[in-house]
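Here is a short note for your first look at this model. Keep the structure open and check each point as you read.

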Amino acid sequence: MLYTIFEKIRRKSQASVLRRHPRVSLKDLRSGTDNHFILDPDLEQVSLGSRASFRNYIHILVGKKARLDIGDDFFMNNFCSINCLESIFIGNHTLFGENVKLYDHNHAYETVPEFRISYSDFSTAPIRIGNNCWLGSNVTVLKGVSIGDNCIIGAGCTVYRDIPANTTVVNRQELLLKTRA
């Protein structure tokens, strides 16, 4: 019983992060347990449509001057994350399986004069996911990708290029079975 009380307090605390931010508009958000919202004070806009539903252990980061738009009737399953440093748009009636990850950025790096990866500089490009899409468990969507309407992205896919509307994407990872004598 005590756990239930603390969980309600944590859930209300995270919802208040969204409700208190002046550039966040939301309608009727349903949120599970241990969700985490990190919103830069200088973000451009966060818009959550009607009946947005986040299950448990969701992580959403929206950076400075970034924009996140999520349509109506959106569902995000457990352990998903959205990392938005430029722009991410998700259409209406879209559903994410467990552990879906969206990244509209990569760490900047140099190869000359020597190889160096930046911890704080990023290259960015927007992500757009259409209406009526289903992203299966463990899908990762990388920067600059556009996924058309009515798409299914199969479990375990890494989406690094545009997907046209009305397309099903399947990860053709093979399992090699070897019998021991």
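1. Take Cys-80, which is in no disulfide. Its nearest cysteine sulfur belongs to Cys-133, 15 Å away. Cys-84 is in no disulfide either. For Cys-84, the nearest cysteine sulfur is that of Cys-80, at 16 Å.

2. How the model was read. This is a predicted model, so local features need pLDDT of at least 70 and side-chain atom pairs count only at pLDDT 80 or more, while totals for chains, interfaces and linings use all residues. Residues are numbered from 1 along each chain as its sequence is written, and side-chain values use heavy atoms, leaving out hydrogens and water.

3. Burial of the cysteines. Buried or exposed: which is Cys-80? Cys-80 is buried, at a relative accessible area of 1%. Cys-84 is buried too, at 0%. The cut-offs: buried is under 20% relative accessible area, exposed is over 50%, and partly exposed lies in between (1.4 Å probe, protein chains only).

4. Strand S4. This strand spans residues 45-48. Strands are DSSP runs of E, at least two residues, numbered from the N terminus. Val-46 and Leu-48 form the covered face of S4. Gln-45 and Ser-47 form the uncovered one.

5. Neighbours of S4. Two strands pair if DSSP finds at least two bridges between them. S1 (residues 24-26) runs parallel to S4, joined by three bridges. S7 (residues 67-70) is also parallel to S4, with four bridges. Follow Val-46: it stands opposite Val-24 of S1, and its bridge partner in S7 is Leu-68.

Methods
Disulfide = S-S within 2.5 Å.
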